[in-house]
Structures are given as structure tokens and as C-alpha cells.
Amino acid sequence: MYKYWLALLIFSIGLCACLIRPSFALSMYSKQIVLAIQAQEGKTSPGTKSFSGNVSWYGIPFNGRKTASGEIFDMNKLTAAHLKLPFGTRVLVEDPKTGNTVIVKVNDRGPYVKTRIMDLAKEGARQLGTLGRGVAYVDCLVLPN
């Protein structure tokens, strides 16, 4: 019964968002459904990977340089560095404090600080709302291709 009411609540929020900002509504709705189902079940569906930990961001000193994938780093794009995920992997990152989410693409390696799981490009941290904090605890969900 709880799942039904949760789905109805999320659908209602998405419907209201459609009336206000149609382009925003679709992305918000799909992200919230994934996160709500994950939270409800306490786990992800088989074959999906999730992880949590501290992220930081990087920008100006690396802007315009080549990343480990060979792409040119642009701090104004939604990219990230991760030690093991394959290049091109899309990751949904959520700040549990605020509920803000962002989808980033892995195109670099790092971070090389043991207490961090990922480095976001400056734009990803800005959209997530963690730019001012520098380091933030997040929940991550690897998205299917």
C-alpha cells in the first residue's frame, strides 16, 4: 500500500512540474522515481550499482587539459572522475541533505584522495549545490546505457 501512495505522490509532483516547466518535469520525474524506488526497497534492482561517499570538485587548473579518456576537460560540463568506472558511464548523484540531483559522465580518473569516491567537474558541483562546501557526502546510482 505504501508503494502505491509513494508512486502517486511522485506522479502528482511530476504533473505539477509539467504545468510549470515541461522541460524540467521529465528529467525531475524520472530521477525521483529511480531514487524513490531505491529508497523504498533499500537496495537497487539486480544489475545496478550504487555507492555513497564524499565527492569534491575540480576546475580551473585542469580546464583545457586532456583527461584520462583523451577528452579535453571542460569544467563547465557535467563530467566526473572515478577510479574504476568505465569511461562514458553515466552516474546519478544525489545530495541527501538537499535532495538535489545531477547526472554526470565519467571521463577521467581520480580522485586520488582515499576519503573521496568521485570528483565532479565544477558545473556538476554547482548544479548539485555543493560548490561552496567543496566536499559533500552523496549517494550515487550508476545508470544503464
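A salt bridge is here a side-chain nitrogen of Lys or Arg within 4 Å of a carboxyl oxygen of Asp or Glu, and by this rule the count in this predicted model comes to three. Side chains of opposite charge can pair when their charged atoms come close.

**Salt bridges between distant parts of the chain**

- K105 pairs with E71, with the closest N and O atoms 3.2 Å apart; K105 belongs to strand β4, whereas E71 sits in the loop between β1 (50-58) and β2 (79-81), 34 residues apart.
- K105 is partly exposed, with a relative accessible area of 31%, and E71 is also partly exposed, at 32%.
- D95 and R133 form a salt bridge through their side chains, at 2.2 Å from N to O, and this pair links the loop between β3 (90-94) and β4, which holds D95, to the loop between α3 and β6 (136-142), which holds R133, 38 residues apart.
- D95 counts as buried because its relative accessibility is 0%, under the 20% cut-off, while R133 is partly exposed at 36%.

**The pair within helix α3**

- E123 and R126 both lie in helix α3, three residues apart, or about one turn of the helix, and their side chains meet in a salt bridge of 2.6 Å, N to O.
- E123 is buried at 14% relative accessibility, whereas R126 is partly exposed at 48%.
- Leaving aside residues up to four places away in sequence, E123 touches M75, N76, K77 and L78.

**Backbone geometry**

- G110 and P111 are joined by a cis peptide bond with omega about -10°, and P111 is found in the loop between β4 (101-108) and β5 (116-121).

Conventions
Residues are numbered from 1 along each chain as its sequence is written. This is a predicted model: local features need pLDDT of at least 70, side-chain atom pairs count only at pLDDT 80 or more; totals for chains, interfaces and linings use all residues. Side-chain values use heavy atoms; hydrogens and water are left out. Helices (H or I, at least four residues) and strands (E, at least two) are DSSP runs, numbered from the N terminus. Contact means heavy atoms within 4.5 Å. Buried means under 20% relative accessible area, exposed over 50%, partly exposed in between (1.4 Å probe, protein chains only).
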